[in-house]
Number of protein chains: 2
Amino acid sequence: LAFDMSSTVEFEGVESALKKSLQGKDYDEVRRILYGRAYPELPIPEEAKVRANDGNFELQAYEVTAQSEQLRPPRKVRVAVIQNSIASPTTAPVDEQKKALHAKVGAMIEAAALAGANIVCLQETWMMPFAFCTRERLPWTEFAESAEHGPTTKFLSQLAAKYGIVIINPILERDEAKDDVIWNAAVVISHTGKVLGKSRKNHIPRVGDFNESNYYMESTLGHPVFQTIFGKIAINICYGRHHPQNWMMYGLNGAEIIFNPSATTGGLSEPLWGIEARNAAIANHCFTAAINRVGTEVFPNEFTSGNGLPAHRDFGHFYGSSYIAAPDGSRTPGLSRAKDGVLIAEIDLNLCRQTKDSWGFRMTNRLDLYAKSFEKAAHPDYQPDIRKEC
Amino acid sequence: LAFDMSSTVEFEGVESALKKSLQGKDYDEVRRILYGRAYPELPIPEEAKVRANDGNFELQAYEVTAQSEQLRPPRKVRVAVIQNSIASPTTAPVDEQKKALHAKVGAMIEAAALAGANIVCLQETWMMPFAFCTRERLPWTEFAESAEHGPTTKFLSQLAAKYGIVIINPILERDEAKDDVIWNAAVVISHTGKVLGKSRKNHIPRVGDFNESNYYMESTLGHPVFQTIFGKIAINICYGRHHPQNWMMYGLNGAEIIFNPSATTGGLSEPLWGIEARNAAIANHCFTAAINRVGTEVFPNEFTSGNGLPAHRDFGHFYGSSYIAAPDGSRTPGLSRAKDGVLIAEIDLNLCRQTKDSWGFRMTNRLDLYAKSFEKAAHPDYQPDIRKEC
């Protein structure tokens, strides 16, 4: 019982292994081909380092520059993503678990703010264990709360106002105003502490232990983009990263940064993790941030996984590895596979339009063709265009 | 003048550098996270090896298995992709250049056939240097030929019939039947040697030295899929790989393998190369094959690149690195960055439906939502959904 993280922590990550073993030109070329141009590290203030040390979490910071322009000044924004393990055993009282997470992640947000972060995004349903694997309702559904008035939004609103930062707060939402149904949502809290709005998960997985379709349905809110004082942002929650058309609609609505708060485990998705959010940054001339939780969560009652294996009590290892990708195809190193962490990138949003002008994927996207083609293909009587030998 | 390959060949590739420097668990984990599950190598017949040795090209072969099913036997297909440098100086007579390419690549196709290949795909406009950088017409437009009756299609039809293989023949097409205009096309030649049909390039680049929009327009043929005796295939030519919606329409039309014959150079696209075709395989539950030409091509007259640098006569280094990606997110190693090569994968097409059933991206794609959203977004008066603080 209880929770255990160390047992599945065996390999720290690709970047550290490469750094350890490759030298000189080999390292430079492998790094360039795998990650794009190298980013300089940002200096981290001492007080932020102390917090990281006290809280036992990683703190990395990089600078992603753009070219200078004559008419537009640089639009530099410090984006922070946070990955965390849970803070108490899953058997602890709900309120205790949530408060312990508030305390732990609150300290990480403060470290990010002290390091100059302007926008902070947390992982999917960060305020609870990822308990959907159990298919049990109580006590897990008790973690759900109002997007606008719940305790987690209130807690983060105070931090947002205190530091003048935007916080993206992905929660399990209880829709108190409408039939008390549950959603997987992300609340955008502005730098004033006010709720700017919310986004909900557009695509719900039905794979492995991601039994989320037992708890909530697909969003009906479309693809909202939020204009903050630090830039236009959107949130593509977790499984939506497998759907390029989902990223694209956020892009078409003008998002300059699309966050992907996630919860995903090793055996299933790890070789996909470096691909999908980065592809979206390239295809949409914007920044993306892929955020995964970390650690192994153990639940009180055993459950099976539809894979013929015996019942067990854990969901496997959430491998962290959060990263930020730029429109020019470059990306930051990932956070650890095993440890809590804060990753900061100072990005220049001018890079979005510069890359759009240079690569031209938006200009050449033939949207009208695809609108028509998708419409036809969505009809139940659609006949795929298949050519055969006469 | 003439052409020079060796000068830009300085780094063989990521895979060989990793193999050389990483050991044991570090190697296994880095390989797994970067490339997915490991593929066993396929034995290569001696006579194919001799051809590769004589022709001085790489020959790699891997096996990509699927689970066994009760009702469907495995549908194993050997797919081969070929990357090649040009075979003569660009100053040689057009006919001589083309014949030299026929001879060289013909030998590579024969090696692939001797190694059991069923479907062979060549690189974009493989029968000529990638001369669009020059913006000159003659002599380069003289390379264009009829898709159905041109000398290159005839040459490959004989090879296809001789070995009973399907060959995808990406050419510069002269549309003799319709106003003699030029297209960037791929001709599908069936195992009988007959022309099964053709596909044309849906998205045309306007970036770097890719001045192709001066020569031909976007395809009006939509997203045809070709039913061959070895499976349903489609061709997404070059720059179309940057457009996820383009891959998706081929997928929606039932493609089990989507080939991406390309021509792309190092400084511009190399960090994107491993991302895009692989993302498409994941998102569409199908196999994809990314094929790039290799070498540096030097042209008789100098040209500029719109980047402030002095006039020059080469397009930069085409970095090869062709690879095949599977629907489960795994991929083969890449061919060399510097050398001609044939890459073969014996794939089991049953993996497409198995992954579709498992991951469920097609089931959860909400196509109707995106058809409507794209239609709205394509209107000139579309108002993006942007939420602001009141």
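1. What radius of gyration would a compact globule with 390 residues have, and what does chain A have? The globule value would be near 21 Å, and chain A has 21 Å, which agrees; the radius is taken over C-alpha atoms, and the rule is 2.2 Å times the number of residues to the power 0.38. Along its principal axes, the C-alpha trace of chain A spans about 65 × 55 × 45 Å.

2. This is a predicted model, in which local features need pLDDT of at least 70 and side-chain atom pairs count only at pLDDT 80 or more, while totals for chains, interfaces and linings use all residues. Residues are numbered from 1 along each chain as its sequence is written, chains are lettered from A and ligands numbered from 1 in the order in which they are written, and side-chain values use heavy atoms, with hydrogens and water left out.

3. Chain A holds nine helices and 15 strands, these being DSSP runs (H or I, at least four residues, for helices; E, at least two, for strands) numbered from the N terminus. Of its 390 residues, 64% are buried, where buried means under 20% relative accessible area, exposed over 50% and partly exposed in between (1.4 Å probe, protein chains only). Among contacts (heavy atoms within 4.5 Å) between residues at least 6 apart in sequence, 71% join residues at least 24 apart in chain A.

4. Helix H8 of chain A, residues 350-359, has as its buried residues Asn350(A), Leu351(A), Cys352(A), Gln354(A), Thr355(A) and Trp359(A). These pack against strands E1 (58-64), E10 (287-292) and E14 (341-348) of chain A, together with helix H7 (266-284) of chain B. Just after H8(A), Gly360(A) takes a positive phi of about 70°.

5. Arg32(A) lies in helix H2 (residues 24-35) of chain A and counts as partly exposed because its relative accessibility is 23%. Leaving aside neighbours within four places in sequence, Arg32(A) is in contact with Gly266(B), Glu270(B), Pro271(B) and Arg337(B). Within its own chain, Arg32(A) and Ser330(A) are 298 residues apart in sequence and 8.5 Å apart in space, C-alpha to C-alpha.

6. With a disulfide taken as a pair of cysteine sulfur atoms within 2.5 Å, the count over all chains comes to zero. Cys133(B) is in no disulfide, and the nearest cysteine sulfur, that of Cys238(B), is 13 Å away; at 0% relative accessibility, Cys133(B) counts as buried. Cys352(B) is likewise in no disulfide, the nearest cysteine sulfur, that of Cys286(B), being 6.4 Å away, and at 7% relative accessibility Cys352(B) counts as buried.
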